[in-house]
Each structure stands twice: as C-alpha cells, then as structure tokens.
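Please have a look at the model first.

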Amino acid sequence: MTARILFRHDVATFLVGAARAVPRTETGGILVGHREDGILVVTHALIVPAPIPAGDRYVRLDEPAGLLLRDFLDQREESDPAGYVGEWHSHPGASGPSAIDRRVIHDLTLAVGDGLALIVVRPNHNPRLVGRVGTIHRGGVRVFKAEIVVFEPHRNLHQTGRGTKERTEQP
Ligand SMILES: [Zn+2]
C-alpha cells in the first residue's frame, strides 16, 4: 500500500539543495502543509539544525523546531491552512528510510496523529525523495510507503484535470 503526498516543486528543490549543501552529514527539519481531500500537500519545509551534525544520523530537537514553526506560522495569513505535517532529513548515501526512521514515524503517528510524513532526501539518487506516511487504522498505527508527486506551485489544487500541471519526476 502507498499513501500519496503532493510536494510543491520548489520545496522539493529546496530539500535537495539543503542536502547537497552538506554532502557528508545528514540535515533535516520539519514539513509544513495541509491536507486536501485527505491527501497530504507539502507547501513549505524548514531546516532545523542538528546540535551535533553527523554523517549517519540526524537529531531533531523539539524546542528549536517548535520555535521555528511558530515564527513561520506567525507570518502566514490567518486564512492559510498551513501547519505541521511531518519530518524530513537527508541520507548522503542512497539508502531509503532506515529501521529507526520507520520507528520514528510510527511513534510520531502514535503521539501526534494520523497522516504525518517522514521524508528522506537522497541528493544524488533517484528518486530524490522517498518516505513513509503514518496512519491510524482500526486503532493501530500503520506505516505506508509514500508515493511522492511533485506539482508546480501555481497549481490550483481545487481544480483537477484541465489547467493543472502535475509531474511525477522529481528535481
Ligand atoms: Zn534516516
């Protein structure tokens, strides 16, 4: 089973650039977006620097992440539906989500709620973005593979079909 995630093209490009900027260490942060007819739409991403950068792990502390998110959301219009939708971090190698990553999305879903994403950015391997989505199904947590679809930022998500540009290849 897969769970679809829509990713703004400029956010996907931003994440790949952030990962390439520190090719020997993992970097990461949080994802901001909203849900549209049950589909997760990622519209922004924030970098939350790790206290001790390392090549084989990324540690995301809650306090700086919470402050960055609050600052970001404070600058949005009141009508903007943007909110926290998950986590991202880079893997300098080609590997996808690790056992630890799957545990993280499992525990996060249990603690925070349904439909959050954990995205791994692989700056030099296709597909660049891979991930998992945590859902609550019949009272238990289930983790699905993310099917990531990149879209152009001007796309009106209320319209499907004519006039929309959607592409499955990633930056
Ligand atoms: Zn990882």
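On one side of helix H1, Gly 17 and Ala 21 are exposed, where exposed means that 12 or fewer other C-beta atoms, placed from the backbone, lie within 10 Å of the residue's own, buried means 20 or more, and partly exposed is in between. This is a predicted model, in which local features need pLDDT of at least 70 and side-chain atom pairs count only at pLDDT 80 or more, while totals for chains, interfaces and linings use all residues. Residues are numbered from 1 along each chain as its sequence is written.

The helices (H or I, at least four residues) and strands (E, at least two) are DSSP runs, numbered from the N terminus.

The buried residues of H1 are Val 11, Ala 12, Leu 15 and Ala 19. Because they cover an arc of only 105° around the axis, they sit on the same side of H1, the arc being that of the directions from the helix axis to the C-beta atoms. Their cover includes strand E1 (2-8), strand E3 (39-47), strand E4 (83-90), E5, E6 and E7, with contact meaning C-beta atoms, placed from the backbone, within 7 Å.

Turning to helix H3, its buried residues are Asp 101, Ile 105 and Thr 109, and because these cover an arc of only 75° around the axis, they lie on the same side of H3. Strand E5 (116-121), strand E6 (129-137) and strand E7 (140-151) are among the elements that cover them, whereas on the other side of H3 the exposed residues include Arg 103 and Asp 107. Just after H3, Gly 113 takes a positive phi of about 140°.

Conventions:
Contact = placed C-beta atoms within 7 Å.
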